[in-house]
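User: I am new to this structure and would like to understand the terms used to describe it. Please take me through them one at a time.

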Amino acid sequence: MAERKQRKGGCANAQPSRDDIWQAATLLIGVYGRDAMAYADTRRTEQQACGDSAAAETWTLIVSQIEHLLRDAPAARLH
C-alpha cells in the first residue's frame, strides 16, 4: 500500500484500489479488533475537518470495508 499504483493518465492521487482498501481494513482489524471501525471513522472525521476530501473519501471506503469484514467475522476471531 505504501507504493501507490499510477492509473491511466499518470495521476498519482487516484483513488486506492479495492485491494488497498481491503489491506488497510484487514490491518486495522488485526490491530484494533472490533474498535477498528471507530479508529477509521475518527481518521475520516479528522480529514474532513482538515478539508481533505480525497483522504476523507478513502477513509470512508475503509470504514465500509471494515464494517463488511466485521459483519461476516465470528466474534471469537477478533481480540
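User: At what angle do helix α1 and helix α2 pack?

Analyst: This is a predicted model, in which local features need pLDDT of at least 70, side-chain atom pairs count only at pLDDT 80 or more, and totals for chains, interfaces and linings use all residues. Residues are numbered from 1 along each chain as its sequence is written, and side-chain values use heavy atoms, with hydrogens and water left out. Helix α1 (residues 18–32) and helix α2 (residues 36–49) pack at about 120°, with their axes 8 Å apart.

User: Why is α1 called oblique to α2?

Analyst: Angles under 35 degrees count as roughly parallel, over 145 as roughly antiparallel, 65 to 115 as roughly perpendicular and the rest as oblique; the angle is about 120°, so α1 is oblique to α2.

User: What makes the pair of Y32 and Y39 stacked?

Analyst: Rings of Phe, Tyr and Trp (its six-membered ring) pair if their centres lie within 6.5 Å, and planes under 30 degrees apart count as stacked, over 60 as edge-to-face and the rest as tilted. The ring centres of Y32 and Y39 are 4.4 Å apart and the planes stand at 15°, so this pair is stacked.

User: Why is the pair of Y39 and W59 called edge-to-face?

Analyst: The centres of the Y39 and W59 rings lie 6.4 Å apart with the planes at 70°, so the pair is edge-to-face.

Technical notes. Axes fitted to C-alpha atoms, helices over the stretch in contact; angles between N-to-C directions. Helix = DSSP H or I, 4+ residues; strand = E, 2+ residues; numbered from the N terminus.
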